[in-house]
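Let's take a quick tour of a protein model together. Have a look at the sequence and the 3D view first, then read on.

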Amino acid sequence: MMENIEGKRIDFNYKWNHGDLFILMENAGKAVSEYITEKYGKNRNILVISGSGNNGGDGIITAHNLDSDNNLKLIVMTRSDGSVSSLSRRAMEKFGNDRIIKNPNTGDIRKMISESDIIVDAIFGTGIRDPVKEPYSSIIEEINLSRAEVISIDVPSGLGTSHSVLPDATVTFTDVKEGMNEKNSGSINVRNIGIDEREINYAGPGDMVYFPKIEKNGHKGQNGKVLIMAGWKFTGAGCMTARAAENALPDLITMLVPKASSTIFSIKLEDQIVGVFNSLNMKNELEKCNAVLTGPGMGISEDSVKVVLAVCKSGKKAVFDADAIHIMAEHRDLINQNMLFTPHSHEFEVLTGTEANRENAEKFSVKYGCTILLKGPADIITNGKKTVISEGGSPRMAMGGTGDILAGLCTGLMARNMDPFHAAVLGSFINKKNGERLEKERSYWFNTYDLLGSMGRTFREYYDFIISNE
Ligand SMILES: NC(=O)C1=CN([C@@H]2O[C@H](COP(=O)(O)OP(=O)(O)OC[C@H]3O[C@@H](n4cnc5c(N)ncnc54)[C@H](O)[C@@H]3O)[C@@H](O)[C@H]2O)[C@H](O)CC1
Ligand SMILES: [K+]
């Protein structure tokens, strides 16, 4: 079952890998027209009703393919300014612009529906927004009143809103979409339209769709608060986590550190809030934050155990790395779905008592409900329901500190309202691409400062890709 946003992620991955989505639209139209021809034969009265988005484009290609063997009419409902999506425009040119019936009134549509034996529903796909207004709600009602066979493309138009087409069959692409069942979709036929494993099961630029955009008129606090309790033994590790978290663009990052090292932190992180750790401060800061990180450079002491247990008790979204993983190995009963663990293979073995591999990571996530990011030349990210592989990076990233950067980045993303799984996938992807970028520029001669310095540019490259293709 695929959520709409997941479909977008896959489309962006496909676009990044192959450059153009039109071939997918052609394949979608081919799949639907073949289904109709196989089921209903030729010389039928077919009416295709397309909306202004890419679902409509799939309908237009379907119409193009069925045109020569049937008595076919194609309606296209454009946006109010007369436009359609750019892919649909290409589909319209292919069909022949002059033969398309654009924006007919409801009376004319009713008449055309009554004269058809097959209606192809391509009004809305996964890009539907609630509510469905006029004239679409009336068109959907007319379709449902007709005696014709109705075939929906990808999803019944309006599914999940108060006005939804109730088709005899739905031809859907790649996977069944969220909310679809035989009752609301008729017989469900899944067709592969050329999307492969790489776009679905591997981290890619498409994972940026889960990154909340910065709103132009936003207010302070809206983009989340990060709390970090790390670096108590090795201050450098703590500072790196904070610098990495900045790249997720949260509004506030607070470090809580022991009194003895607070001057060092204040100097190194002069632009961030550094507070002195005590039980009361910790309680207050845990209440205020949206996500918390502990573990990197922390050491194992009475206080660090206290911190880890307080983080568990807070119920906040939390990242456990390094020493915190060792501590949590003794408290597995406290693990829950708000938690992300970022172990390398040895830490994984300590946490789970099993060999570090995909299968065991999945088993552990299922049992405890948490997300695991198992670090390696290829990172494995799983929440027990989904698993994504994140490949790439640079051999130079075996140096100390890259794990701290990853943990900090994931925490920043979780503070930005991302769930642990998608934060882990995106964090891993950006971290690895950042390493690749540096390797390209300077071979292996780069360090953690360089990684932190270029992370914003790496992030922006993918952010811009999503924004410019939406
Ligand atoms: N990878 C794939 O599987 C591919 C799927 N394709 C098809 O593309 C659609 C999704 O296309 P998208 O352009 O994102 O959205 P839609 O066509 O579903 O609709 C958006 C369209 O409709 C307008 N709109 C949305 N809600 C409303 C409303 N309530 N009232 C009025 N208008 C509304 C919106 O403004 C847009 O213009 C997917 O389902 C597949 O069918 C592609 O072919 C590529 C590969
Ligand atoms: K549809």
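A quick term before we start: donors are N, O and S atoms close to a metal, and for K the cut-off is within 3.2 Å. Keep in mind that this is a predicted model.

**The potassium site**

- Which residues donate to the potassium ion (ligand 2)? They are Asn55 (OD1), Asp121 (O), Phe124 (O), Ile153 (O), Val155 (O) and Ser157 (OG), and these donors lie 2.7 to 3.1 Å from the ion.
- Written along the sequence, the spacing of these donor residues is N-x65-D-x2-F-x28-I-x1-V-x1-S.
- Asp121 belongs to strand 4 (residues 118-122), while Val155 sits in the loop between strand 5 (149-153) and strand 6 (169-173), so this pair ties together parts that are 34 residues apart in sequence.
- Asp121 and Val155 are both buried.
- What about the geometry? The six donor atoms of the potassium ion (ligand 2) make angles of 65 to 173°, and the site counts as irregular.

**Two packed helices**

- Helix 11 (residues 279-288) packs against helix 12 (residues 302-314) at about 35°, and their axes are 11 Å apart.
- The crossing of helix 11 past helix 12 is right-handed.
- On the helix 11 side, the contact uses Ser279, Met282 and Leu286, and helix 12 brings in Lys306, Val307, Ala310, Val311 and Ser314.
- Sort those contact residues by type and you get five nonpolar, two polar and one charged.

- Is Pro377 buried or exposed? Pro377 is exposed, because its relative accessible area is 75% and exposed means over 50%.
- You'll find Pro377 in the loop between strand 14 (371-374) and strand 15 (379-382).
- Not counting residues up to four places away in sequence, Pro377 touches Ser390, Glu391, Gly392 and Lys432.
- Pro377 and Ser394 are 17 residues apart in sequence, and their C-alpha atoms are 8.4 Å apart in space.
- Now switch to Thr371, which lies in strand 14.
- Thr371 counts as buried because its relative accessibility is 3%, and buried means under 20%.
- Leaving aside neighbours within four places in sequence, Thr371 is in contact with Met339, Leu340, Phe341, Ile381, Thr382, Asn383, Pro420, Phe421 and Ala424.

Technical notes:
Residues are numbered from 1 along each chain as its sequence is written. Chains are lettered from A and ligands numbered from 1 in the order in which they are written. This is a predicted model: local features need pLDDT of at least 70, side-chain atom pairs count only at pLDDT 80 or more; totals for chains, interfaces and linings use all residues. Side-chain values use heavy atoms; hydrogens and water are left out. Donors are N, O and S atoms within 2.8 Å of the metal (3.2 Å for Na, K and Ca); water is not among the atoms, so sites may look incomplete. Four donors count as tetrahedral if all angles lie between 85 and 135 degrees; four count as square planar and six as octahedral if opposite donors are over 155 degrees apart and all others between 65 and 115; anything else is irregular. Helices (H or I, at least four residues) and strands (E, at least two) are DSSP runs, numbered from the N terminus. Buried means under 20% relative accessible area, exposed over 50%, partly exposed in between (1.4 Å probe, protein chains only). Axes are lines fitted to C-alpha atoms, for helices over the stretch in contact, and angles run from 0 to 180 degrees between N-to-C directions. A crossing is left-handed if the near helix is turned anticlockwise from the far one by less than a right angle, and right-handed if clockwise. Contact means heavy atoms within 4.5 Å. Ala, Val, Leu, Ile, Met, Phe, Trp, Tyr, Cys and Pro count as nonpolar, Asp, Glu, Lys and Arg as charged, and the others, Gly among them, as polar.
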